[in-house]
Amino acid sequence: MAAVGTLNTPPLNLDSSMLADEMALDEALDMIDPLRHLRNQDDLDDHEDGHVVPTQPRSIQNEKIQLMFPNRVSKEYCSPRIQITLKVDASPGCGGIAWPAGEVLSNYIALRGERYCQGRTILELGSGTGLVGLVAGALGGRVWLTDQIPLLGIMQENVVLNNLQSFVTVAELNWGDKVGPEIPCPDVILAADCVYYEPAFPLLVKTLSDLSGETTEILFCYKKRRKADKRFFTLLKKHFDWKEVEDDPGRESYNREAISLLLLSKKT
């Protein structure tokens with residue numbers, strides 16, 4: 001279907017039924033291919049290189065990858081690296097593969113080390129494969145991986161693959177829904193690569209607000225892909241303040257890839 005702006009008739013002449021039909025079609029296409037907006041080059045920022053989809057092929061199924069992260073015990077000493085075995089599978093959707101901001105956030109948590117995670121209740125939103133939360137669990141955090149039903153299976157498999165059943169729990173959590181009593185109030189919220197689907201922006205902000213309090217630490221890592229991402233931050237600033245994390249030695253490198261790591265704090 002042609003975009004509204006390319007029709008011969010002026011947009012103001014479109015009646016409500018035509019607009020409703022087009023919205024319904026967009027929603028149906030989004031269900032079939034959630035990544036389709038990321039492939040729309042017309043909506044990319046002028047500074048982007050166009051590589052907005054992870055390099056893993058869409059045909060990837062039931063494959064396992066291994067990722068290594070530093071394990072800093074103190075400023076002077078690093079113990080053996082954290083190794084995470086990750087099943088990746090594109091069949092449940094875009095959440096079943098590894099995204100770049102997830103690796104950035106995982107690396108940062110690993111650099112913060114066991115002192116940062118141990119004994120704290122940590123909840124990851126939009127976990128997908130569970131990578132970020134698995135790193136936190138390997139460092140002794142009491143971790144909850146959360147996402148929609150289609151991804152619960154791959155998350156649970158990854159928990160077992162890494163022998164983290166004692167530290168990591170998998171739970172369904174749909175953004176915008178009421179948070180169930182089985183999900184605890186977290187000390188830390190982790191979110192990586194959650195800004196990509198515009199209709200979900202207000203739902204993500206609501207869930208962040210519902211889960212957090214004045215003392216909740218929120219690490220939010222995202223890759224800037226589209227100009228529409230600004231709308232998410234317009235919604236976010238109604239409830240949160242944020243600043244860029246400055247103590248990550250890899251910051252300059254991933255900033256060049258349009259990835260930012262933010263520390264959010266809820267407004268009082």
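## Thr121 and strand 3

Thr121 is buried, with a relative accessible area of 11%. In this predicted model, the residue belongs to strand 3. Leaving out residues up to four places away in sequence, Thr121 touches Arg142, Trp144, Pro184, Cys185, Pro186, Asp187 and Val188. Ala136 lies 15 residues from Thr121 along the chain, and the C-alpha atoms of the two are separated by 10.0 Å.

## Strand 4 and its pairing

Strand 3 pairs with strand 4 through four bridges, and the sense is parallel. Within this pairing, Leu123 stands opposite Trp144 of strand 4.

Strand 4 covers residues 142-147 and is mostly covered, with five of its six residues buried.

## Gly130

Where does Gly130 sit? Its place is in the loop between strand 3 and helix 4, the latter made of residues 131-138. Gly130 is buried, and its relative accessible area is 0%.

Apart from neighbours within four places in sequence, Gly130 is in contact with Glu124, Leu145 and Met155. Met155 is among the buried residues of helix 5.

## Helix 5

Helix 5 runs over residues 149-161, and its buried residues are Leu151, Ile154, Met155, Asn158 and Val159. Why do they lie on the same side of helix 5? They cover an arc of only 145 degrees around the axis, which puts them on that one side. An α-helix has 3.6 residues a turn, so residues three or four places apart point the same way.

After helix 5 comes Asn163, which has a positive phi, near 55 degrees.

## Helix 6 and the strands it packs on

In helix 6, residues 201-211, the buried positions are Phe201, Leu204, Val205, Thr207, Leu208, Ser209 and Leu211. The buried residues of this helix pack against strand 3 (121-125), strand 6 (188-192), strand 7, helix 7, strand 8 and strand 9.

Three of these elements are joined by antiparallel pairings. Strand 7 (residues 217-223) is joined to strand 9 (residues 259-266) by six bridges, and the two run antiparallel. Lys223 has Ile259 of strand 9 as its bridge partner. Strand 8 (residues 240-244) is likewise antiparallel to strand 9, with five bridges between them. Here Trp242 is the residue whose bridge partner in strand 9 is Leu264.

## Aromatic residues

How many aromatic pairs does the structure hold? There are five. In one of them the rings of Tyr222 and Phe233 have centres 4.9 Å apart and planes at 50 degrees, so the pair is tilted. This pair links distant parts of the chain, since Tyr222 is in strand 7 and Phe233 is in helix 7 (residues 229-236), eleven residues apart. Both Tyr222 and Phe233 are buried. Phe233 also pairs with Phe232, in an edge-to-face arrangement with 5.1 Å between centres and 85 degrees between the planes. Phe232 is buried as well.

Ring pairs join Phe201, Phe220, Tyr222, Phe232, Phe233 and Trp242 into a cluster. Of these, Phe201 is among the buried residues of helix 6, and Trp242 takes part in the bridging to strand 9. A further ring, that of Tyr116, has a charged residue over its face: Arg120 lies there, 5.0 Å from the ring centre.

## Cysteines

A disulfide is a covalent bond between the sulfur atoms of two cysteines. With a cut-off of 2.5 Å between sulfur atoms, the count of disulfides comes to zero.

## The whole chain

The protein has eight helices and nine strands. Of its 268 residues, 48% count as buried. Among contacts with a separation of 6 or more, 68% are between residues 24 or more positions apart.

Note on methods:
Residues are numbered from 1 along each chain as its sequence is written. This is a predicted model: local features need pLDDT of at least 70, side-chain atom pairs count only at pLDDT 80 or more; totals for chains, interfaces and linings use all residues. Side-chain values use heavy atoms; hydrogens and water are left out. Buried means under 20% relative accessible area, exposed over 50%, partly exposed in between (1.4 Å probe, protein chains only). The arc is that of the directions from the helix axis to the C-beta atoms. Two strands pair if DSSP finds at least two bridges between them. Rings of Phe, Tyr and Trp (its six-membered ring) pair if their centres lie within 6.5 Å; planes under 30 degrees apart count as stacked, over 60 as edge-to-face and the rest as tilted. A charge sits over a ring if NZ of Lys or CZ of Arg is within 6 Å of the ring centre and within 35 degrees of the ring normal. Contact means heavy atoms within 4.5 Å.
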